[in-house]
Amino acid sequence: MLKLAEELKNNTISRFQLVYGEERYMVRYYKHCLIEKLSVPGDEMNCTYFQGEKAIPSSIADVGQILPFMASHRLIVIQDSSLLKSASDMTDFLEGFPDTTYVVFVEREVDKRNKLYKWLNKNGCVTECLPQKEGMLRKWIAGYAGKEGKTISGAAVECLIERVGTDMEMLNNELDKLIGYVGKRVNIEAEDVDIICSGLTVSRIFDMIDAVALKEKDRALRLYSDLLANKESPMSILYLFTRHLNILLQVKECRGLGLSNNELAKKIGIPSFTVSKYGKQAELFSRKKLLHMLGIRLELEESFKTGKISDQLAVEMFFIQALTK
(Lines give C-alpha, C1' and ligand atoms only; values in the text may rest on other atoms or scores of the structure.)
Protein backbone atom coordinates (compact mmCIF):
# COMPACT_ATOMS: atom_id res chain seq x y z
CA MET A 1 0.00 0.00 0.00
CA LEU A 2 1.25 3.50 -0.82
CA LYS A 3 2.31 5.62 2.14
CA LEU A 4 -0.29 8.25 1.21
CA ALA A 5 -3.07 5.64 1.11
CA GLU A 6 -2.12 4.61 4.65
CA GLU A 7 -2.06 8.22 5.82
CA LEU A 8 -5.52 8.86 4.38
CA LYS A 9 -6.88 5.67 5.90
CA ASN A 10 -5.43 6.37 9.36
CA ASN A 11 -6.00 10.14 9.20
CA THR A 12 -2.30 10.79 9.87
CA ILE A 13 -1.55 13.07 6.95
CA SER A 14 1.93 14.55 6.57
CA ARG A 15 2.00 18.36 6.37
CA PHE A 16 3.95 18.35 3.12
CA GLN A 17 2.71 16.27 0.17
CA LEU A 18 3.89 15.71 -3.39
CA VAL A 19 1.68 13.78 -5.82
CA TYR A 20 2.93 13.29 -9.39
CA GLY A 21 3.31 10.82 -12.22
CA GLU A 22 2.12 9.46 -15.55
CA GLU A 23 -1.16 7.99 -14.30
CA ARG A 24 -3.17 11.22 -14.22
CA TYR A 25 -6.32 9.55 -12.91
CA MET A 26 -4.50 8.52 -9.72
CA VAL A 27 -2.84 11.94 -9.42
CA ARG A 28 -6.25 13.63 -9.53
CA TYR A 29 -7.76 11.03 -7.20
CA TYR A 30 -5.16 11.59 -4.48
CA LYS A 31 -5.26 15.34 -4.98
CA HIS A 32 -9.02 15.37 -4.36
CA CYS A 33 -8.65 13.01 -1.38
CA LEU A 34 -6.15 15.38 0.25
CA ILE A 35 -8.26 18.46 -0.43
CA GLU A 36 -11.33 16.71 0.97
CA LYS A 37 -9.44 15.70 4.13
CA LEU A 38 -7.66 19.00 4.69
CA SER A 39 -10.25 21.62 3.78
CA VAL A 40 -13.92 22.52 3.98
CA PRO A 41 -15.83 23.19 0.71
CA GLY A 42 -16.14 26.92 0.11
CA ASP A 43 -13.62 27.90 2.80
CA GLU A 44 -11.50 30.27 0.71
CA MET A 45 -10.09 31.87 3.87
CA ASN A 46 -8.05 28.76 4.71
CA CYS A 47 -7.46 27.15 1.31
CA THR A 48 -5.30 28.78 -1.36
CA TYR A 49 -4.37 27.55 -4.85
CA PHE A 50 -1.27 28.43 -6.86
CA GLN A 51 -0.91 27.19 -10.44
CA GLY A 52 1.77 27.40 -13.12
CA GLU A 53 3.74 30.63 -13.27
CA LYS A 54 1.78 32.08 -10.33
CA ALA A 55 3.48 29.55 -8.02
CA ILE A 56 6.16 32.01 -6.85
CA PRO A 57 7.97 30.93 -3.65
CA SER A 58 7.74 34.33 -1.96
CA SER A 59 3.99 34.58 -2.69
CA ILE A 60 3.42 31.06 -1.36
CA ALA A 61 5.47 31.95 1.74
CA ASP A 62 3.30 35.01 2.45
CA VAL A 63 0.19 32.81 2.57
CA GLY A 64 1.91 29.95 4.38
CA GLN A 65 2.82 32.13 7.35
CA ILE A 66 -0.79 33.19 7.98
CA LEU A 67 -2.47 31.33 10.83
CA PRO A 68 -5.81 29.66 10.02
CA PHE A 69 -9.02 31.60 10.64
CA MET A 70 -11.50 29.74 12.84
CA ALA A 71 -10.05 26.40 11.69
CA SER A 72 -7.37 23.96 12.84
CA HIS A 73 -5.14 24.41 9.81
CA ARG A 74 -4.50 26.14 6.49
CA LEU A 75 -4.11 24.33 3.13
CA ILE A 76 -2.00 25.45 0.16
CA VAL A 77 -2.29 23.54 -3.13
CA ILE A 78 0.46 24.14 -5.72
CA GLN A 79 -0.12 22.63 -9.16
CA ASP A 80 1.87 22.39 -12.42
CA SER A 81 4.67 24.61 -11.17
CA SER A 82 8.35 24.49 -12.13
CA LEU A 83 9.45 24.27 -8.51
CA LEU A 84 10.22 20.53 -8.69
CA LYS A 85 12.34 20.90 -11.83
CA SER A 86 14.36 24.07 -11.19
CA ALA A 87 16.32 25.73 -8.39
CA SER A 88 14.38 27.84 -5.88
CA ASP A 89 14.38 28.88 -2.23
CA MET A 90 11.06 27.11 -1.60
CA THR A 91 12.57 24.69 0.95
CA ASP A 92 13.77 27.58 3.11
CA PHE A 93 10.24 28.96 3.24
CA LEU A 94 8.65 25.58 3.99
CA GLU A 95 10.93 25.00 6.95
CA GLY A 96 9.60 28.18 8.56
CA PHE A 97 5.89 27.46 8.07
CA PRO A 98 3.82 27.08 11.25
CA ASP A 99 2.57 23.62 12.17
CA THR A 100 -0.94 24.67 11.11
CA THR A 101 0.02 25.01 7.42
CA TYR A 102 -0.32 22.03 5.06
CA VAL A 103 1.15 22.13 1.53
CA VAL A 104 0.22 19.85 -1.38
CA PHE A 105 2.29 19.86 -4.59
CA VAL A 106 0.60 18.31 -7.65
CA GLU A 107 2.90 17.85 -10.65
CA ARG A 108 3.15 15.94 -13.90
CA GLU A 109 6.94 15.56 -13.90
CA VAL A 110 9.67 16.14 -11.33
CA ASP A 111 13.46 16.04 -11.19
CA LYS A 112 14.46 13.69 -8.39
CA ARG A 113 17.79 15.53 -8.11
CA ASN A 114 15.90 18.71 -7.29
CA LYS A 115 16.51 20.17 -3.82
CA LEU A 116 12.79 20.60 -3.12
CA TYR A 117 12.05 17.01 -4.17
CA LYS A 118 14.71 15.67 -1.81
CA TRP A 119 13.40 17.85 1.02
CA LEU A 120 9.80 16.69 0.51
CA ASN A 121 10.94 13.07 0.32
CA LYS A 122 12.67 13.48 3.69
CA ASN A 123 10.16 15.71 5.50
CA GLY A 124 6.84 14.82 3.91
CA CYS A 125 5.08 12.22 1.78
CA VAL A 126 5.99 11.73 -1.90
CA THR A 127 3.58 9.72 -4.05
CA GLU A 128 4.50 8.71 -7.60
CA CYS A 129 1.46 7.56 -9.58
CA LEU A 130 2.69 5.05 -12.16
CA PRO A 131 0.70 3.19 -14.84
CA GLN A 132 -0.90 0.20 -13.16
CA LYS A 133 -0.06 -3.42 -13.87
CA GLU A 134 -2.63 -5.69 -15.48
CA GLY A 135 -3.51 -7.51 -12.26
CA MET A 136 -4.13 -4.29 -10.34
CA LEU A 137 -6.27 -2.90 -13.17
CA ARG A 138 -8.46 -5.99 -13.15
CA LYS A 139 -9.12 -5.54 -9.42
CA TRP A 140 -9.72 -1.82 -9.82
CA ILE A 141 -12.22 -2.33 -12.65
CA ALA A 142 -14.13 -4.94 -10.63
CA GLY A 143 -14.05 -2.68 -7.57
CA TYR A 144 -15.27 0.34 -9.53
CA ALA A 145 -18.19 -1.65 -10.91
CA GLY A 146 -18.90 -3.05 -7.45
CA LYS A 147 -19.23 0.43 -5.92
CA GLU A 148 -21.97 1.11 -8.47
CA GLY A 149 -23.78 -2.10 -7.56
CA LYS A 150 -22.59 -3.99 -10.64
CA THR A 151 -20.50 -7.06 -11.37
CA ILE A 152 -18.32 -7.39 -14.46
CA SER A 153 -17.30 -10.71 -15.98
CA GLY A 154 -13.65 -11.65 -16.53
CA ALA A 155 -14.22 -11.72 -20.28
CA ALA A 156 -15.69 -8.21 -20.15
CA VAL A 157 -12.65 -6.95 -18.20
CA GLU A 158 -10.29 -8.48 -20.78
CA CYS A 159 -12.27 -6.99 -23.64
CA LEU A 160 -12.38 -3.57 -21.97
CA ILE A 161 -8.60 -3.40 -21.46
CA GLU A 162 -7.94 -4.64 -24.98
CA ARG A 163 -10.21 -2.02 -26.53
CA VAL A 164 -9.49 0.97 -24.29
CA GLY A 165 -5.93 0.37 -23.08
CA THR A 166 -4.50 0.72 -19.58
CA ASP A 167 -5.04 4.45 -19.00
CA MET A 168 -7.25 4.61 -15.91
CA GLU A 169 -9.03 7.80 -16.90
CA MET A 170 -10.10 6.33 -20.22
CA LEU A 171 -11.15 3.12 -18.46
CA ASN A 172 -13.12 5.18 -15.94
CA ASN A 173 -14.99 6.98 -18.73
CA GLU A 174 -15.85 3.73 -20.51
CA LEU A 175 -16.95 2.06 -17.26
CA ASP A 176 -19.34 4.95 -16.61
CA LYS A 177 -20.80 4.44 -20.09
CA LEU A 178 -21.18 0.70 -19.47
CA ILE A 179 -22.86 1.22 -16.09
CA GLY A 180 -25.31 3.65 -17.67
CA TYR A 181 -25.96 1.31 -20.59
CA VAL A 182 -26.82 -1.81 -18.56
CA GLY A 183 -29.25 0.19 -16.42
CA LYS A 184 -30.95 -1.96 -13.80
CA ARG A 185 -29.17 -5.10 -14.98
CA VAL A 186 -26.49 -6.10 -12.46
CA ASN A 187 -23.90 -7.91 -14.59
CA ILE A 188 -21.73 -6.34 -17.31
CA GLU A 189 -20.78 -8.80 -20.07
CA ALA A 190 -18.26 -8.77 -22.92
CA GLU A 191 -21.14 -8.19 -25.35
CA ASP A 192 -21.88 -4.88 -23.58
CA VAL A 193 -18.26 -3.80 -24.05
CA ASP A 194 -18.49 -4.66 -27.76
CA ILE A 195 -21.53 -2.42 -28.13
CA ILE A 196 -20.47 0.55 -25.99
CA CYS A 197 -16.66 0.77 -26.05
CA SER A 198 -15.35 1.52 -29.50
CA GLY A 199 -11.74 1.79 -28.38
CA LEU A 200 -11.38 4.59 -30.93
CA THR A 201 -8.40 6.37 -29.39
CA VAL A 202 -6.25 3.29 -28.72
CA SER A 203 -6.95 1.76 -32.13
CA ARG A 204 -6.20 5.10 -33.83
CA ILE A 205 -2.85 5.30 -31.98
CA PHE A 206 -1.92 1.82 -33.23
CA ASP A 207 -2.91 2.85 -36.76
CA MET A 208 -0.91 6.08 -36.51
CA ILE A 209 2.21 4.15 -35.44
CA ASP A 210 1.77 1.90 -38.48
CA ALA A 211 1.42 4.96 -40.72
CA VAL A 212 4.61 6.47 -39.31
CA ALA A 213 6.50 3.19 -39.80
CA LEU A 214 5.36 3.05 -43.43
CA LYS A 215 6.00 6.81 -43.90
CA GLU A 216 2.37 7.40 -44.85
CA LYS A 217 2.28 11.08 -43.91
CA ASP A 218 -1.24 11.86 -45.17
CA ARG A 219 -2.72 8.85 -43.38
CA ALA A 220 -0.98 9.68 -40.08
CA LEU A 221 -2.20 13.29 -40.14
CA ARG A 222 -5.72 12.19 -41.14
CA LEU A 223 -5.87 9.83 -38.15
CA TYR A 224 -4.61 12.67 -35.94
CA SER A 225 -7.43 14.90 -37.28
CA ASP A 226 -9.94 12.15 -36.48
CA LEU A 227 -8.77 12.14 -32.85
CA LEU A 228 -9.09 15.92 -32.63
CA ALA A 229 -12.61 15.63 -34.03
CA ASN A 230 -13.29 13.10 -31.27
CA LYS A 231 -12.41 15.87 -28.77
CA GLU A 232 -9.04 14.43 -27.75
CA SER A 233 -6.62 17.22 -26.74
CA PRO A 234 -3.38 17.49 -28.77
CA MET A 235 -1.17 16.92 -25.70
CA SER A 236 -3.21 13.86 -24.65
CA ILE A 237 -2.67 12.41 -28.11
CA LEU A 238 1.06 13.15 -27.88
CA TYR A 239 1.20 11.53 -24.42
CA LEU A 240 -0.54 8.36 -25.66
CA PHE A 241 1.68 8.24 -28.74
CA THR A 242 4.81 8.66 -26.60
CA ARG A 243 3.67 6.01 -24.13
CA HIS A 244 3.11 3.65 -27.07
CA LEU A 245 6.62 4.35 -28.41
CA ASN A 246 8.09 3.62 -24.98
CA ILE A 247 6.27 0.28 -24.90
CA LEU A 248 7.63 -0.58 -28.37
CA LEU A 249 11.15 0.30 -27.23
CA GLN A 250 10.83 -1.88 -24.13
CA VAL A 251 9.38 -4.78 -26.11
CA LYS A 252 12.23 -4.49 -28.60
CA GLU A 253 14.87 -4.51 -25.87
CA CYS A 254 13.23 -7.31 -23.87
CA ARG A 255 12.80 -9.63 -26.86
CA GLY A 256 16.46 -10.61 -26.65
CA LEU A 257 16.13 -11.73 -23.01
CA GLY A 258 14.22 -14.89 -23.88
CA LEU A 259 11.16 -13.94 -21.80
CA SER A 260 7.76 -15.51 -22.37
CA ASN A 261 4.85 -13.26 -23.34
CA ASN A 262 3.52 -13.37 -19.76
CA GLU A 263 6.94 -12.51 -18.29
CA LEU A 264 7.48 -9.71 -20.79
CA ALA A 265 3.99 -8.30 -20.14
CA LYS A 266 4.62 -8.29 -16.38
CA LYS A 267 8.00 -6.59 -16.79
CA ILE A 268 6.66 -3.82 -19.03
CA GLY A 269 3.23 -3.45 -17.42
CA ILE A 270 0.94 -4.28 -20.36
CA PRO A 271 -1.79 -6.92 -20.80
CA SER A 272 -0.25 -10.25 -21.84
CA PHE A 273 -2.62 -10.64 -24.80
CA THR A 274 -1.25 -7.41 -26.35
CA VAL A 275 2.41 -8.52 -26.40
CA SER A 276 2.25 -10.12 -29.85
CA LYS A 277 0.58 -7.04 -31.33
CA TYR A 278 3.19 -4.71 -29.85
CA GLY A 279 5.95 -7.13 -30.90
CA LYS A 280 4.93 -7.10 -34.55
CA GLN A 281 4.80 -3.33 -34.56
CA ALA A 282 8.18 -3.01 -32.81
CA GLU A 283 9.76 -4.94 -35.69
CA LEU A 284 8.85 -2.06 -38.02
CA PHE A 285 11.21 0.32 -36.20
CA SER A 286 14.89 0.39 -35.38
CA ARG A 287 15.90 1.23 -31.83
CA LYS A 288 17.54 4.40 -33.18
CA LYS A 289 14.28 5.53 -34.82
CA LEU A 290 12.26 5.04 -31.63
CA LEU A 291 14.79 6.99 -29.56
CA HIS A 292 14.84 9.71 -32.22
CA MET A 293 11.06 10.16 -32.07
CA LEU A 294 11.10 10.30 -28.26
CA GLY A 295 13.81 12.95 -28.47
CA ILE A 296 11.71 15.04 -30.88
CA ARG A 297 8.81 14.83 -28.47
CA LEU A 298 10.87 16.23 -25.57
CA GLU A 299 12.09 19.17 -27.65
CA LEU A 300 8.62 20.11 -28.89
CA GLU A 301 6.99 19.66 -25.49
CA GLU A 302 9.55 22.10 -24.05
CA SER A 303 8.73 24.60 -26.82
CA PHE A 304 5.04 24.27 -25.95
CA LYS A 305 5.59 24.69 -22.20
CA THR A 306 7.69 27.81 -22.73
CA GLY A 307 4.99 29.34 -24.93
CA LYS A 308 6.95 29.28 -28.18
CA ILE A 309 4.34 27.21 -30.04
CA SER A 310 0.76 26.04 -29.48
CA ASP A 311 -0.06 22.51 -28.37
CA GLN A 312 -1.64 21.61 -31.72
CA LEU A 313 1.35 22.94 -33.68
CA ALA A 314 3.73 21.02 -31.41
CA VAL A 315 1.95 17.74 -32.11
CA GLU A 316 1.69 18.39 -35.85
CA MET A 317 5.42 19.22 -36.01
CA PHE A 318 6.15 16.03 -34.09
CA PHE A 319 4.37 13.88 -36.65
CA ILE A 320 5.90 15.71 -39.60
CA GLN A 321 9.43 15.31 -38.19
CA ALA A 322 8.81 11.68 -37.24
CA LEU A 323 7.64 10.98 -40.77
CA THR A 324 10.39 12.80 -42.62
CA LYS A 325 13.58 12.31 -40.59
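Predicted model: local features only at pLDDT ≥ 70, side-chain atom pairs only at ≥ 80, totals over all residues.

Trainee: Where in the fold is Asn114 found?

Mentor: Asn114 sits in the loop between strand S4 (101-107) and helix H5 (115-123).

Trainee: And what does the side chain of Asn114 reach?

Mentor: The backbone oxygen of Ser86, at 2.9 Å. Leaving out residues up to four places away in sequence, Asn114 touches Leu83, Leu84, Lys85 and Ser86.

Trainee: How many cavities of 30 Å³ or more does the structure hold?

Mentor: One. The largest cavity has about 30 Å³ of space, and Asn114 and Ser86 are among the residues that line it.

Trainee: How does the lining of the largest cavity divide into nonpolar, polar and charged?

Mentor: Two nonpolar, four polar and one charged.

Trainee: You mentioned Met168. Which residues in H8 are buried?

Mentor: Met168 is one of them, along with Met170, Leu171, Asn172, Glu174, Leu175, Leu178, Ile179 and Val182. There's a general point to keep in mind with a list like that: an α-helix has 3.6 residues a turn, so residues three or four places apart point the same way.

Trainee: How far does H8 reach from its first C-alpha to its last?

Mentor: Helix H8 (residues 168-182) has 15 residues and reaches 21 Å, close to the 21 Å expected at 1.5 Å a residue.

Trainee: What happens at the start of H8, and just after the helix?

Mentor: At the start, a side-chain oxygen of Asp167 comes to within 3.1 Å of the backbone nitrogen of Glu169. Just after H8, Gly183 has a positive phi of about 60 degrees.

Trainee: Which residues other than glycine have a positive phi, then?

Mentor: Met70 is one, with phi near 55 degrees. Asp80 is another, at about 55 degrees.

Trainee: Where are those two placed?

Mentor: Met70 is in the loop between helix H3 (57-64) and strand S3 (74-79). Asp80 is in the loop between S3 and helix H4 (90-95).

Trainee: Is Met70 buried or exposed?

Mentor: Exposed, because its relative accessibility is 78%. Asp80 counts as partly exposed, at 36%.

Trainee: Last one: why does Met293 count as buried?

Mentor: Because its relative accessibility is 0%. Met293 is in helix H15 (residues 287-305). Setting aside neighbours within four places in sequence, Met293 is in contact with Val212, Leu245, Phe285, Phe318 and Ala322.

Trainee: And what separates the C-alpha atoms of Met293 and Gly307?

Mentor: They're 21 Å apart, with the two residues 14 residues apart along the chain.

Conventions: Residues numbered from 1 in each chain as written. Heavy atoms only, no water. 1 Å grid on protein atoms, 1.4 Å probe; cavity = no way out; pocket = protein on both sides within 12 Å on 5 of 7 lines; lining within 4 Å. Points joined across faces, edges and corners; volume = space filled by probe spheres on them. Nonpolar A, V, L, I, M, F, W, Y, C, P; charged D, E, K, R; others polar. Helix = DSSP H or I, 4+ residues; strand = E, 2+ residues; numbered from the N terminus. Polar contact = N/O pair within 3.5 Å; in protein donor to acceptor, adjacent residues only side chain to side chain. Contact = heavy atoms within 4.5 Å. Buried < 20%, exposed > 50% of the residue type's maximum accessible area, 1.4 Å probe, protein only. Expected span 1.5 Å × (residues − 1).
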